[in-house]
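Subject: Structure for you to look at

Hi,

Here is the structure I promised to pass on.

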Number of protein chains: 2
Amino acid sequence: MAIRYPNGRRFNQQKSQNKKLPSKELTYSNRGMTLEEDLNETNQFYLEQSIAVIHKKPTPVQIVQVDYPKRSAAVIKEAYFKQASTTDYNGVYKGRYLDFEAKETKNKTSFPLQNFHDHQIEHMKQVRNQNGIAFVILRFSLTDEVYLLDAKHLIEFYDQKESSRKSIRKLDIENFGFLIKIGYHPRIDYLRIIDSVYFQKES
Amino acid sequence: MAIRYPNGRRFNQQKSQNKKLPSKELTYSNRGMTLEEDLNETNQFYLEQSIAVIHKKPTPVQIVQVDYPKRSAAVIKEAYFKQASTTDYNGVYKGRYLDFEAKETKNKTSFPLQNFHDHQIEHMKQVRNQNGIAFVILRFSLTDEVYLLDAKHLIEFYDQKESSRKSIRKLDIENFGFLIKIGYHPRIDYLRIIDSVYFQKES
């Protein structure tokens, strides 16, 4: 029998990114949370501690039909998922605009570029032109390693797609990016990296 | 017969905010566009001209049921509108974080505070604490006057709700806010105000 997420998506136990590695203990770094859940928890922590105001944008949906039953809330009866024209996360930190996308892979040695699409890359270029801070958070889920990579590098690799590049080597991510230490609360303290990379230089 | 918007909402010709004033010529300032359409057009102009990167966030929707027909796109069959936890618009301008909500009223002499809710006011406070630029764009639709009011003032008025304040007088909006000149392209050039109010002082 198919198990389904609350949103109706099929849960595939074989393919699930949350699959526990057989011989690994349950630790902070492997509690079966998705990258999105970890980042929501992290952003909630930042908000509560008045460190930053960063939110995930709602999933864009094209609404086609809505019913208005008497005495109850409007029900959307037909709608479709739309491709996002921007990245998923943005907000403000110490007056600066922050903008990022977060993706995970089960690959071990490279990160597939198909995780991103043209609109998002274009958006990151525009944000950089406005002097915003744009980056991606990349997770290698089998080893639970999370990297922050400035959009500048992602854009360079992405623009090599036409010359048949399909992925970024993990070596390059290690080289150009920054490993984010996984913690308990917050889980993915990416602002620590932002501080050292984007604010130290400037002050 | 009820006329409906593409999203299913009922179109009320009597009550429509787009109603033309009887004796008024069709001018730039009265083309029957909603504030949202005008702002989307304006933000598109800013984006194309590389002036700023500002987007409206998608409407937040709680998805309950999704169908996956073979050979075609996933269809959302049951979903509900959620209250937004933030404002509708944000983005980056000259490195700074911009955040605003836009509302219109058919009142002539005051702007009802019920257009805003606690979450949004709380969000604006948080953005201000992070040194972001937070404001509201308020339109008096019968006269097509559009004002930019810093969130600081909205917050002050809103916090008087407990002492039974229900609206902001138009006089106060004129006094504390800035009238935005309505144009053709872009329609609502709010960044001109942002420039003179937030950037001149600082430099």
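T86(A) is buried, because its relative accessible area is 6%, and the cut-off for buried is under 20%. Keep in mind that this is a predicted model. You'll find T86(A) in the loop that runs between strand 5 (75–81) and strand 6 (89–93) of chain A.

So what does T86(A) touch, if we skip residues up to four places away in sequence? The list is K57(A), E101(A), Q120(A), H123(A) and, from the other chain, H55(B). With K57(A) there is also a polar contact between the side chains, at 2.9 Å.

In an unreviewed entry, UniProt lists T86(A), D88(A), E101(A) and Q120(A) under "binding site". These residues span 35 residues in sequence, but no two of their C-alpha atoms are more than 9.3 Å apart, so they gather at one spot. D88(A) sits in the loop between strand 5 and strand 6 of chain A. Again skipping residues up to four places away in sequence, D88(A) touches H55(A), K56(A), K57(A), F100(A) and E101(A).

Now zoom out to the chain. Chain A has 5 helices and 12 strands, and buried residues make up 46% of its 203 residues. Take the contacts in chain A with a separation of 6 or more: 62% of them come from residues 24 or more positions apart.

How do the two chains relate? The same surface serves both copies, with 100% of the contact residues of chain B recurring in chain A.

Last stop, the largest nonpolar core. Which of its 46 residues touch the most other members? They are F116(A), L154(A), F116(B) and L154(B). Among the elements that each supply at least two residues of this core are helix 2 (118–129) and helix 3 (151–158) of chain A, as well as strand 9 (133–140) and strand 10 (145–150) of chain B. To see one member up close, click on L154(B): leaving aside neighbours within four places in sequence, it is in contact with L113(B), F116(B), I121(B), M124(B), V136(B), L149(B) and I168(B).

Cheers

How values were computed: Residues are numbered from 1 along each chain as its sequence is written. Chains are lettered from A and ligands numbered from 1 in the order in which they are written. This is a predicted model: local features need pLDDT of at least 70, side-chain atom pairs count only at pLDDT 80 or more; totals for chains, interfaces and linings use all residues. Side-chain values use heavy atoms; hydrogens and water are left out. Contact means heavy atoms within 4.5 Å. Helices (H or I, at least four residues) and strands (E, at least two) are DSSP runs, numbered from the N terminus. Buried means under 20% relative accessible area, exposed over 50%, partly exposed in between (1.4 Å probe, protein chains only). UniProt positions are given in the numbering used here, feature names are shortened, and annotations may be inferred rather than shown by experiment. A polar contact is a pair of N or O atoms within 3.5 Å; within protein, one must be able to donate a hydrogen and the other to accept it, and residues adjacent in sequence count only if both atoms are side-chain atoms. A nonpolar core is a set of buried Ala, Val, Leu, Ile, Met, Phe, Trp, Tyr and Cys residues joined through side-chain atoms within 4.5 Å.
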